[in-house]
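This report covers a ligand site, a domain arrangement, a sheet and a helix pair. Please read it alongside the model.

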Amino acid sequence: SVPAAILSALAAAARGGVLFKGGAALEALADVKSFSFDKTGTLTTGTAEVTDIDATIGQDRMLSLLAGLEAQSEHPIAAAIRRRAAADGLTPAEVRGVVTHPSEGITGVDEDGAVWAGNQRMLERMGATATTPGALRLKNSAQTVTWIGRGNRLLGGVTVADRPRTGSAAGLSQLRAAGVHHLALMTGDRRAVALRIGRELGFSEAEIHSDLLPEDKVRLVGDLAEKGRTAFVGDGVNDAAALARADVGIAMGVAGSEVALQAADVALLAEDMTRLAAARKLAQRTKRIIR
Ligand code: ADP
Ligand code: MG
């Protein structure tokens, strides 16, 4: 049977917005030596905003096509794009056969044929280039760029501003102060954005990993396993494999995708890293009691 101390710790953690799937996850958290964090939607807010737009077709047409592609996506970028299209009074275009490409973007088919949206990796895979003055302005912004195109023809792009969540910087420094020596930022986003947000949150350059595919996150968590027990905190479809790989997978409880929550051992309902640091302390106290 589960010791009473663990049951009461699980209840206390739940009151603090941290839901453990069981006592074993709570005990494992006490011994974690490295914490790795996804960026977009995890350390940063899921309510980002479109900050700049460049279109080679009419801006409204481009935005409604982009909103149509992103209509069903759980990615925070998609939500920002849908909100902007709605604010501009646009109806999302009809896009069928939508396929999500984790850490890259999305593809589909509208009345004129195949269309895609995504990052630089997706753009390059489609053989498109972003060299117009407008495209260069987006590229030089140090914000997350989403390109849209048809085959190798670029239709435009938007930037989305990514801001740290309340509690991210404080939670990370609480973990460091409590003696966690191995912290890492692991993102599918590009280097410039990763560095800007990462430094703002107190990560050293060596701790910041960018341009990652889902399997890269798995590999990096595996590397950290040499230091001892691992934890990974994420929100997206692209984080599911890393959440499963880590000894303790922690998913964002509200903005997090369904697959991320299923792969995780812990749901961070509070979506605040200071609560995670508090839950780790509680887990350590509880372990001392039951030993
Ligand atoms: P993170 O690892 O920081 O959460 P993701 O791996 O989810 O970031 O995404 C990495 C990059 O892939 C994003 O910055 C974005 O450029 C691109 N991307 C992923 N999904 C989408 C999507 N649905 N629409 C547009 N771009 C996307
Ligand atoms: Mg994410």
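## Ligand shell

By class, the shell around ligand 1 has 4 nonpolar, 14 polar and 5 charged residues. In total, 23 residues surround ligand 1. A residue belongs there if its C-beta atom, placed from the backbone, lies within 6 Å of the molecule. The closest are Lys39, Thr40, Asn119, Thr187 and Gly188.

Helices H3 (39–43) and H5 (76–87) each supply at least two shell residues, as do strands E5 (105–110), E6 (113–118) and E7 (144–150). H3 gives the largest share, 3 residues. Helices (H or I, at least four residues) and strands (E, at least two) are DSSP runs, numbered from the N terminus.

## Model and numbering

This is a predicted model: local features need pLDDT of at least 70, side-chain atom pairs count only at pLDDT 80 or more, and totals for chains, interfaces and linings use all residues. Residues are numbered from 1 along each chain as its sequence is written, while chains are lettered from A and ligands numbered from 1 in the order in which they are written.

## Domains

The protein chain is divided into domain 1 (4–45 + 163–290) and domain 2 (49–161). The bounds come from an automatic or database domain assignment. Their C-alpha centres lie 30 Å apart. Domain 1 puts 16 residues into the contact and domain 2 puts in 12 residues. Contact requires C-beta atoms, placed from the backbone, within 7 Å. On the side of domain 1 that touches domain 2, helix H9 (191–200) gives the most, with 3 residues. The shell around ligand 1 draws at least three residues from each domain.

## Sheet

Seven strands form an open sheet with mixed pairing, in the order E1-E13-E12-E11-E2-E9-E10. Strands E1 (18–20) and E10 (208–209) stand at the edges, each with a single partner strand, so one side of each has no neighbour in the sheet. Pairing takes at least two DSSP bridges between two strands.

E12 (248–252) and E13 (266–268) run parallel and are joined by 3 bridges. Ala251 has Ala267 in E13 as its bridge partner.

## Helix pair

Helices H8 (168–177) and H13 (273–290) pack at about 25 degrees, with axes 7 Å apart. That makes H8 roughly parallel to H13 (angles under 35 degrees). Their contact has 6 nonpolar, 4 polar and no charged residues.

How values were computed
Nonpolar A, V, L, I, M, F, W, Y, C, P; charged D, E, K, R; others polar. Contact = placed C-beta atoms within 7 Å. Axes fitted to C-alpha atoms, helices over the stretch in contact; angles between N-to-C directions. Parallel < 35°, antiparallel > 145°, perpendicular 65-115°, else oblique.
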